[in-house]
Amino acid sequence: MSDQVDAVMSREGGGTPLHGLVSRARRVNKIFVFAVLLPTLLASIYYGLIASDVYVSEARFIVRSPQRQAQSGLVGALLQGSAFSNAQDDAYLVHDFILSRDALSELNIHNGLRDKYARGDVDLLSRFPILHTEDSFEALWRFYQKHIDVDYDSTSGITTLRVRAFTSIDAHEINEELMTQSERLINRLNERATQDMVGFASKDVADAEAEVRRTTLAVSEFRNAHAVFDPERQSALQLQQVSTLQSELVAAKTQLVEVQSLSPANPQVSALRTRVDVLKEEIENAVRNVAGTNASLSGKAPEYERLVLDKDFAERRFAAALSALESAKGEAERKQLYLERLVQPNSPDVAIEPKRLQSVLVVFALGLIVWGLLTLLVSGIREHQL
Amino acid sequence: MSQNAPLWPSFNVQIRVIGALIMREIITRYGRHNIGFLWLFVEPALFTLGITALWNIAIHKHAAGISITAFALTGYSSVLLWRNCSGRCVNAIEPNLSLLYHRNVRVMDVFMARLILEVAGASFSFLTLSLVFHFFDLVPTPASIATVLGGWVLLAWYAISLGLLVGALSALTELIERVWHIVTYLLFPLSGAAYLVEWLPSGAQQFVSWLPMVHATEMIRSGYFGNVFTPHYEISYLLVCCLVQSLIGLFLLGIAAKRVIPE
């Protein structure tokens, strides 16, 4: 086609320089133009003139607890079978939260975040909503996720949080706000865990204490009401008395029999007989005090034993509850999470993105590759002729 | 060979040549006995079935809500794609040397015929096994078929470019023939079929994401299993790898084609 044009041109007596230029332009490889020149030109215009500066604010933190977390190496992970996500790492709590809709809605109170990304001086391709597509919360969330970068190094446990925004102040503010929210999250989790663990144990202790008081009171009331201190010991004393009395009785009886057999008319006999009778009566009384009737010691003993048993159980329960509370407090302390800021969010003074020259060169390089590919393919096709 | 020859008729000729080469390839490879050319699909399917059965017996735990069967299906079908493509293209020229005598049969056509066959075989086997397993409730319904397709297409492109590269190299030097089997064998455990990238510590993750097949396999699995695991892949990296490898492959193919002397 271009040959014919040239033929016409030369037939009409030598073209002007403009005609020469146009005919040369037609011969330029179309693939080269569309694959390399055009994209590079467009990229240069965009990155050189249109694209707005993007400032990146970076902060680093680590989430730790006093309890050591096991690090598994490559072999350990392969052998563990279902070691897919290192669920022991509590840093993922914070990562997920930062990238979540919750964090976004807190940041976006009064549309604060949206306004930061929808500024009028930002170019149309970088602004939210991109190219005037939907202006919904969901779209904002996807946009937000592309501008937040959470990078986790599992060997050191350090997380790097990078926030991209269109001014330095915005980037710093968003980063700072996210860090504060994460700290609040960790505190909330800690509080809840502590409350749960220590709360139950404290309630147990309070209950046990009340029980102890009640049973002790019951015992002393019983003692007052029935005029007895400790039936067991008291009866032991009584029985001791009884045995003394009995030995005295035996002595008296022996003496009586002796005197009776020696001199029956002795005036001592009646005295001794009285003595024996009194001793017998005393023994009977003493025995009756210990056992036999309801008012005796052994009659009061069951009730007393029951109350004392209750008191014993209550005391032991109280002791157990106290030690459980101690260990619960210890557990809670060991499971506390701490979010330590290693590097505070910075206020960048220069915009390090977008990487303008690099992007243009990348477009150029890719264009060259595609040009090479297409040229080879097309020449391969052209080798087939009827 | 005119640079200004019209494109469309030449393309038609090339398509017909490749079609004829495919038919010839099928008949010479599979013959008309047995189930004939159905072996094209059945062989990869049997391979995958065998591996699936083996892994089911050997591994007893379900990994993160992913059944062993689904894991083996997605992993091994992906490996088959690039392994078969590259394997068939090694020394592909020699058996077809007599065909190159024809003016319209080019080295590129020979390769493309074999590659199209291999891609078709692996794809059909993947599709059939997916349907069969799904019928028996051994694998879940894919969460996003578009992602699975996208990953498969990119993997197929990668496999084709790898085949061209390896085929061209094998025509240029005899070393490739010996070395390529070793390379595929060593690449198999690394290539993402046997693990999910999120299982690895971050150092190993970085190392392994230099391999494009890993990205493709992750993408296929992400489409299949959805949110059950966190996929680690970058489409842009995979695309760039495919582009660069295709370019190098075609370029070397051009050089190899000039050296070929038809009998």
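Mentor: In helix α3 (residues 30-50) of chain A, a kink of about 30° lies at Leu37(A), shortly before the proline Pro39(A). The bend at a residue is the angle between axes fitted to the seven residues ending there and the seven starting there; helices are DSSP runs (H or I, at least four residues) numbered from the N terminus. This is a predicted model: local features need pLDDT of at least 70, side-chain atom pairs count only at pLDDT 80 or more, and totals for chains, interfaces and linings use all residues. Residues are numbered from 1 along each chain as its sequence is written, chains are lettered from A in the order in which they are written, and side-chain values use heavy atoms, with hydrogens and water left out.

Trainee: Which residues touch the most other members of the largest nonpolar core?

Mentor: In soluble globular proteins, nonpolar side chains tend to be buried together. A nonpolar core joins buried Ala, Val, Leu, Ile, Met, Phe, Trp, Tyr and Cys residues through side-chain atoms within 4.5 Å. Here the largest has 87 residues, and Leu81(B), Trp82(B), Leu100(B), Phe111(B) and Leu253(B) touch the most other members. Helix α4 (residues 107-135) of chain B gives the most to this core, with 13 residues.

Trainee: Is Leu49(B) buried or partly exposed?

Mentor: Leu49(B), in helix α2 (residues 39-58) of chain B, counts as partly exposed because its relative accessibility is 36%.

Key
Buried < 20%, exposed > 50% of the residue type's maximum accessible area, 1.4 Å probe, protein only. Helix = DSSP H or I, 4+ residues; strand = E, 2+ residues; numbered from the N terminus.
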